[in-house]
Amino acid sequence: MSTMTMARALNTGLRAALDHDPKVVLMGEDIGVLGGVFRITDGLQKDFGAHRVIDTPLAEAGIVGTAIGLAFRGYRPVVEIQFDGFVYPAFDQIVSQLAKMHNRTRGRVRMPVTIRIPFGGGIGSPEHHSESPEAYFAHTAGLRVVAPSNPQDACTLLRQAIASDDPVIFLEPKRRYHEKGEVDPEAPGDPWGSAAVARPGTDVTLVAYGPLVKTALDAATAAAGEGISVEVIDLRSLSPVDYPLLAASVRKTGKLVITHEAGASGGLGADIAASLTERCFNYLEHAPVRVTGFDVPYPPSKLESHHLPDLDRILDGVDRVMGRDNSLSGEQE
């Protein structure tokens, strides 16, 4: 067990996977000599060679297409997309080929491809560098979608993703890269696809993932000062969703708040709210509340703090389900 940043934990997970299986190869723009824009692959090309840590041309469709071909030949490619907004040129390869190949071949071909995508805002980046594309991929049958929120899960979930025979979209919250935590690189981790209770509580279920888990935990601490016990659920797996754990929490608390950086319309929060309403209708004491980014293109960096859900906006959502004064008091909800 040692203390490390999420960036170092991801590097540790990649190093372990490369060391464990000679069929694991890394591919991406500037991931070799430079070690990637965020230095996640720092030192790996030096230690494992340019034939396993491969600097590619700036061509995302070509990178993913090559990874699909390598998977056909028994390799386990790990692709880095430099920024979230750069994944769209590879969208057709991901949703039309990678996600469907196992079904198209009636199970004869597996696609053990992991696509790492730094996602979300909060670092003052320009356009195409602060996207939240998770709903596109969670909607696509055949893809697993995961998002760690802390260094331990970053290391463990990445190793599980690379070992999986299914294609995995691995979303890394870039504004959490430099936050530290205790990591056991050998920890087996929880069952693949499971959510986690990040903080137990009895009054409100607060569901978050990726970059907003820390904000949700801060909100739970603030709510405790006012006598409200908030249970924070770290989703971790966005597809599939661990509905048994979520439903157990909602049946206990009777109140549900969901938060994510992506806009509300068509977001994961809407699907989670609907699915838990179907499962837990008789237990809910208030309609589920979503606290999300706004339905606008990601704003300039000087305005992003107004766009991203923060502690105050999440606490306002908690106040709404608790029937306390809130930003909509006086309006018909």
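In the predicted model, a salt bridge joins the side chains of Asp319 and Arg324, with an N to O distance of 2.8 Å. Asp319 counts as buried, at 15% relative accessibility, whereas Arg324 is partly exposed, with a relative accessible area of 33%. Arg324 also forms a salt bridge with Glu226, and here the closest N and O atoms are 2.3 Å apart. Glu226 lies in the loop between helix H8 (212-224) and strand S11 (230-234), and Arg324 lies in the segment after helix H12 (311-322), so this pair ties together parts that are 98 residues apart in sequence.

Side chains of opposite charge can pair when their charged atoms come close. The count of salt bridges in the model comes to 18. One of them is formed by Glu172 and Arg116, whose closest N and O atoms are 2.5 Å apart. Because Glu172 lies in strand S7 (residues 168-173) and Arg116 in strand S5 (residues 114-119), the pair ties together parts that are 56 residues apart in sequence. Glu172 is buried, with a relative accessible area of 0%, and Arg116 counts as buried at 2% relative accessibility. Elsewhere, a network of salt bridges links Arg15, Lys46 and Asp47.

The nonpolar residues were examined next. In soluble globular proteins, nonpolar side chains tend to be buried together. The largest nonpolar core in the model has 47 residues, of which Ile94, Ile115, Ile169 and Leu246 touch the most other members. Two or more residues are given to this core by each of the following elements: helix H3 (60-72), helix H4 (91-98), S5, helix H6 (134-138), S7, helix H9 (243-253), strand S13 (256-263) and helix H10 (268-280). When residues up to four places away in sequence are not counted, Ile94 touches Val64, Val87, Ala99, Ile115, Phe137, Leu143 and Ile169. Another core, of 29 residues, lies apart from the largest one, and Leu10, Leu14, Val53 and Val146 are among its members.

Arg52 is found in the loop between helix H2 (44-48) and strand S3 (53-55). Arg52 counts as buried because its relative accessibility is 11%, and buried means under 20%. Apart from its neighbours within four places in sequence, Arg52 is in contact with Leu18, Asp21, Pro22, Lys23, Val24, Val25 and Leu26. With Asp21, a polar atom of the Arg52 side chain lies 2.8 Å from the backbone oxygen. Between Arg52 and Met27, the C-alpha to C-alpha distance is 8.0 Å, and the two residues are 25 apart in sequence.

Empty space inside the model was examined last. Rolling a probe the size of a water molecule over the atoms shows where empty space is left. A search of the whole structure finds 1 cavity of 30 Å³ or more. The largest cavity holds about 30 Å³ of space. The residues that line this cavity are Phe119, Ser132, Glu134, Tyr209, Pro211, Leu212, His260 and Glu261.

Key:
Residues numbered from 1 in each chain as written. Predicted model: local features only at pLDDT ≥ 70, side-chain atom pairs only at ≥ 80, totals over all residues. Heavy atoms only, no water. Salt bridge = Lys/Arg side-chain N within 4 Å of Asp/Glu carboxyl O. Helix = DSSP H or I, 4+ residues; strand = E, 2+ residues; numbered from the N terminus. Buried < 20%, exposed > 50% of the residue type's maximum accessible area, 1.4 Å probe, protein only. Core = buried A, V, L, I, M, F, W, Y, C linked by side-chain atoms within 4.5 Å. Contact = heavy atoms within 4.5 Å. Polar contact = N/O pair within 3.5 Å; in protein donor to acceptor, adjacent residues only side chain to side chain. 1 Å grid on protein atoms, 1.4 Å probe; cavity = no way out; pocket = protein on both sides within 12 Å on 5 of 7 lines; lining within 4 Å. Points joined across faces, edges and corners; volume = space filled by probe spheres on them.
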